[in-house]
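Please review the structure below together with its sequence.

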Amino acid sequence: MAHTKPLESSLNQWALDFSIAISITKERGATLRVGPELEIPTGDAILHSWEVPAKILAGDDTMGIICDIGMPVVHKNVIYNCRVIVHDRQILLICPTKITVDACIGVELCEELFMPASPHILMGLDGVEIFTNSSGSHRELRKLFTRVELVKEATLKLGGVYLYANQKGCDGDRQYYDGCVMIAMNGYIVTQGSQFSLDDVEVVTAMIDIEDVRSHRTSCSRGLQAARSNAFHWIEVPFALSSGKFGDTDGAMALGISAKLSGARFHTPEEEIAEAYYLLGPACWLWDYLRRSRTQEYFVPLSGGIDSCATAVIVYSMCHLVAEVARKGEPEDSVYTPLDSHEFCNKIFHTRYMGTENSSAETRKRAKDLRSDQKVCVHFNLNMDTLVTSVRDLFAFVTGMRPQFRAHGGSCAENLVLQNIQARLRMLLAYLFIQLLPWVRGRQSALLVLGTDINPIGGINKTNVKKFIAYARDAFEIPILNESMILWISRSSFIPVDGGFVMSPQNDSTRWRKRQGKHGQMKKAN
């Protein structure tokens with residue numbers, strides 16, 4: 001029996017601490033470490049990309065282990081997405097995309113797994129037993145299922161071990177990479193990392209027996225194709241991934257795959273929509289974005305409607321997740337540890353309700369209740385009628401004409417411009433608050449406006465937003481998120497409700513949102 005212990009690691013793009021990842025690898029007795037695609041970043045700092053492996057090779061990190069590192073390499077002024085294989089302070093191989101070489105290890109890159117004729121097919125026929133895939137795959141609804149099925153299929157037909165490493169964290173834009181590294185063997189998932197995590201470094205290991213792969217490959221059909229397959233260029237390395245001895249492994253691990261068969265862990269569609277899609281995914285993304293932007297706090301304009309309510313709950317879920325991770329262990333260099341989610345949320349979360357004479361008492365009450373129910377944010381309530389009146393008075397002073405709402409006899413143009421005035425003044429006041437609220441609280445920072453600067457629910461239809469609110473009510477025990485909050489449809493707060501004109505409950509809009517949600521569900525259906 002040839003026991004081999006490969007390892008995969010996922011590094012948050014914020015941390016990129018290779019020394020810690022490799023040291024954890026060696027502590028667990030692994031002999032092969034695989035990292036995600038382009039884990040050493042590119043951008044404008046190509047020279048810096050080489051400084052990182054130079055630092056790794058200068059120390060003892062690569063002694064007694066093979067490390068597969070993803071980084072950009074420039075050749076003839078062309079940037080290539082490459083894998084750099086290092087061992088004992090030496091670079092053994094630089095492998096660009098679509099080029100595969102190995103001793104017993106085949107390198108596949110990211111999307112090549114999704115191709116009709118993936119490189120692992122020919123590599124497996126040529127004798128490669130361990131496949132590595134360093135990926136940068138962003139999160140989409142049900143995408144993990146596709147990844148797992150492709151990895152299982154690759155090893156089921158060919159036989160072999162597949163090490164899949166994926167990026168983790170926010171890329172500074174709207175994308176979020178959900179990690180979930182995994183090790184598969186002969187059509188089974190042996191071990192799997194977390195899909196949503198705030199840990200900067202995550203490492204998974206598994207003890208495998210290469211003889212299981214060789215036994216799986218004894219079919220006549222594979223032998224016929226392998227005999228006619230094209231040969232790859234092989235690089236011999238004076239290093240063994242396995243000890244080649246009997247009885248040197250832990251008894252629980254010695255049986256290899258036969259003792260460790262397991263299925264992949266998935267969220268159900270309902271869980272992924274409610275928990276992963278709204279709570280964990282956006283929460284991890286918001287936390288990474290907050291750190292990358294060098295800001296310290298979030299600001300949400302509450303309207304009393306379901307959209308701003310959902311955004312506020314997502315911020316609370318982020319605080320809940322951060323506190324949960326912090327309670328597991330305090331960082332050595334931390335000056336503040338957020339152990340309580342309520343207290344932490346109160347430090348970094350600000351809300352305000354900007355009402356006018358057209359705002360209903362119901363929206364005012366809901367905005368106030370949403371804040372006071374948990375006491376988890378700094379909330380401001382103000383009335384901006386004087387600003388709206390001043391703008392109308394200024395226009396009347398200049399033109400001699402005073403615009404009126406349609407409910408008061410005005411035209412459609414007048415009605416629209418008066419709504420726009422209120423909306424733009426709210427945005428202007430929001431930016432005034434985000435610039436000066438830290439100063440009011442004695443801090444040196446700025447706030448990010450959720451819904452303007454970044455929008456965590458921008459691509460989510462109203463039907464799913466309501467499902468999320470119902471899930472969050474039970475998950476976080478927030479009684480204010482009751483059925484009346486979920487079912488109530490707010491009217492426009494920019495139009496008066498008097499003079500015989502009453503705003504409808506947006507029936508047309510509701511029907512359109514239901515059709516939009518059904519269309520999106522059909523597009524995502526497997």
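The points below are grouped by topic.

This is a predicted model, in which local features need pLDDT of at least 70 and side-chain atom pairs count only at pLDDT 80 or more, while totals for chains, interfaces and linings use all residues. Residues are numbered from 1 along each chain as its sequence is written, and side-chain values use heavy atoms, without hydrogens and water.

**Chain**
- The chain contains 16 helices and 19 strands (DSSP runs numbered from the N terminus: H or I of at least four residues, E of at least two).
- Contacts (heavy atoms within 4.5 Å) between residues at least 6 apart in sequence join residues at least 24 apart in 71% of cases.
- Carbon and sulfur atoms account for 55% of an accessible surface of about 25,200 Å² (Shrake-Rupley method, 1.4 Å probe; for residues, only the protein chains shown count as cover).

**Helix H4**
- H4 (residues 143-158) has 16 residues and spans 23 Å from first to last C-alpha, close to the expected 22 Å (1.5 Å times one less than its number of residues).
- Its buried residues are Lys143, Leu144, Arg147, Val148, Val151, Ala154, Thr155 and Leu158.
- Viewed down the axis of H4, these buried residues fall within an arc of 140°, so they line one face of the helix (directions from the helix axis to the C-beta atoms).

**Residue Trp439**
- Trp439 belongs to helix H13 (residues 412-440).
- Trp439 is exposed, at 64% relative accessible area.

How values were computed. Buried means under 20% relative accessible area, exposed over 50%, partly exposed in between (1.4 Å probe, protein chains only).
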